[in-house]
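The exercises below are meant to be worked with the sequence and the structure open side by side. Please try each task before reading its solution.

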Amino acid sequence: GYGCSDHYYESDTLLHSFQVLEKLLDSPATQDIICDVGMPVLHRNVRYNCRVIFLNKKILLIRPKISLANAGNYRELRWFTPWSKARHVEEYFLPRIIQEVTGQETVPFGDAVLATKDTCLGAEICEELWAPNSPHIEMGLDGVEIFTNSSGSHHVLRKAHARVDLVNSATAKNGGIYILANQKGCDGDRLYYDGCAMISMNGETVAQGSQFSLDDVEVLVATLDLEDVQSYRAEISSRNFAASKVNPYPRVKVNFALSCPDDVAVPTCMPIQWRHHSPEEEISLGPACWLWDYLRRSKQAGFLLPLSGGIDSSATACIVYSMCHQVCLAVKNGNADVLADARRIVNDETYIPEDPQEFCKRVFTTCYMASENSSQDTCNRAKLLAEQIGSYHINLNIDAAVKAVVGIFNVVTGRTPRFSVYGGSSRESLALQNVQARIRMVLAYLFAQLSLWARGMPGGLLVLGSANVDESLRGYLTKYDCSSADINPIGGISKTDLKNFIQYCIENFQLTALRSIMSAPPTAELEPLVDGQVAQTDEADMGMTYAELSVYGKLRKIAKAGPYSMFCKLINMWKEICTPREVASKVKHFFRMYSVNRHKMTTLTPSYHAENYSPDDNRFDLRPFLYNSSWSWQFRCIDKQVDAL
């Protein structure tokens, strides 16, 4: 796991890792099993990310990681050093607490493989599978038949197949058995590690673990025939020619067999077809499991969500409802840990969550915060959705608080700001919108802390945010409004994907209230109504569509495009719908808005990471937050190209 982060610098982390290793070595559960356990190890005053491989109270090998994950969400080079001595082994002096259990003073440390009586095993670690020169290539050529990989790979929408394809292609080209274990759950930050443990042989999956579940531990087993690996390899002449020239690995001899002499009648596992979730299922399950982990570990009594009746807050409510479904399903399937957590959260030692709506009523509070600018339509939509998912719903009006705040300003300055429709300037109008938005945030936290107290119940609630990834990128949100919360399950998900998810919820959860929410244009409802109807819409306010924002986001982050590169790509992508001059105008407007609002990313609520174009400033998308927003050089380059075209 990567979750210790800068705690890896602490000697305590190393000490406690060895203490846990001592327990594992000494446990009857590990006897007669070759165990491959991950932990940090300090060797000659250098910290390595290692596999410790042991059998029957003896450490066989400590294998340090060769390729470190140092992109996107990962900063492994900050804490660890890669092992750069290929096929080299040194002596590692064990700490005394381990020596007392194993009776060993030193053990092999380095790039080696294990030779048992009947086969050869090699270990890969996480990122090494993704590297262009993965160790399994050379190990396989040198006769390693079983590869283990213990991984800390996080969920990204539509990514699971990439991991499966990498494992299967590893054994398709070179033959062999590949065992991938992956972390599962929230490890204390924005990432959700999505399991998908698997066993592959000769290019085909033979066992598949779940991608999303509330089970802390999942065990995958398969019975396979080593002769199938040997016969598969025997007919690949190009592989065998390369194998004849390979530089051999040091082998640690292990007096142990993985097979039995009389196993002819033992049935072996057959290949299976991998079942992938749709993106809508991934949104329904991944953030729901992440929310459950966060709720049970934070020891709070539930969630509070400002529910506006729009797509984003409704999608967030549906994810909480999906979490309630997962909890009821886990309890039905006999998960005692989930049951114990649910009882503690609702403060009832005899409680059994059986109905998702009933459980939702206990752990989820929704709140519609009306103002004079709110329409009756959004109020009704929020109320109906709350009824269908079962949440405890509050209706309140913020006008008195808004008037009080504006009144203080009037007392101090003698001036009263007005909306632009009443003759006010854009500055006045924006300030009045921001006051409403920020008062909603203050009230959300007040009700999160005290609404259970007012109902005579113990505990407090976690406040959920519901700004999507596209709005964050554009900065279309008020700093310290309801986008400011404890956590945000949809902050890494695009508006397009959220709309598809809403449609999925209509069909799978029978939430008919979502139909009218889907058909309504997205609106902030912060400006005055016109004849009782909403006049303000998000896309008109932003000066761009959500579909365009997704394109800008992917080009900016994934394609590493600055303003000029983005313009060059879009004149081809959009040549059927826009002239080069129109493309230039759109690109400039996006980069102006992005740079003016980038400071908002520094205070962005921690969000579930689901997209590789997330603008999260914490550790994924490291950029300045004070820009020259005129982009004078870049925009001049665009203008020259427009003139030339």
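**Exercise 1. Find which residue of β18 stands opposite Phe-303, and then describe the sheet around this pair.**

Solution. Begin at Phe-303, which stands opposite Leu-462 in β18. Next, widen the view to strand β15 (residues 303-306), which pairs with β18 in the parallel sense over two bridges; strands here are DSSP runs of E with at least two residues, helices are runs of H or I with at least four, both numbered from the N terminus, and two strands pair if DSSP finds at least two bridges between them. Then follow the open sheet of four strands, whose order is β17-β16-β15-β18 and whose pairing is parallel. β17 (392-397) and β18 (462-463) each have a single partner strand and stand at the edges, so one side of each is left without a neighbour in the sheet. Finally, α9 packs on the sheet, where it touches β15 and β16 (364-370), and its direction makes about 160° with that of β15; contact means heavy atoms within 4.5 Å, while axes are lines fitted to C-alpha atoms, for helices over the stretch in contact, with angles running from 0 to 180 degrees between N-to-C directions.

This is a predicted model, in which local features need pLDDT of at least 70 and side-chain atom pairs count only at pLDDT 80 or more, whereas totals for chains, interfaces and linings use all residues. Residues are numbered from 1 along each chain as its sequence is written, and side-chain values use heavy atoms, with hydrogens and water left out.

**Exercise 2. Work out which residues of helix α10 are buried and what covers them.**

Solution. First, list the buried residues of α10 (residues 336-346), which are Val-338, Leu-339, Asp-341, Ala-342, Ile-345 and Val-346; buried means under 20% relative accessible area, exposed over 50%, and partly exposed in between (1.4 Å probe, protein chains only). Seen down the axis of α10, these residues fall within an arc of 165°, so they line one face of the helix, the arc being that of the directions from the helix axis to the C-beta atoms. The face turned away from this buried side carries the exposed residues Ala-336 and Asp-337. The cover over the buried residues includes α8 (279-298), α9 (311-332) and α11 (356-363). Just after α10, Asn-347 takes a positive phi of about 60°.

**Exercise 3. Decide whether His-43 is buried or exposed, and name residues that it touches.**

Solution. Locate His-43 in strand β1 (residues 35-43), and note that its relative accessible area is 3%, so His-43 is buried. Not counting residues up to four places away in sequence, His-43 touches Tyr-48, Trp-83, Glu-90, Glu-91, Tyr-92 and Phe-109.
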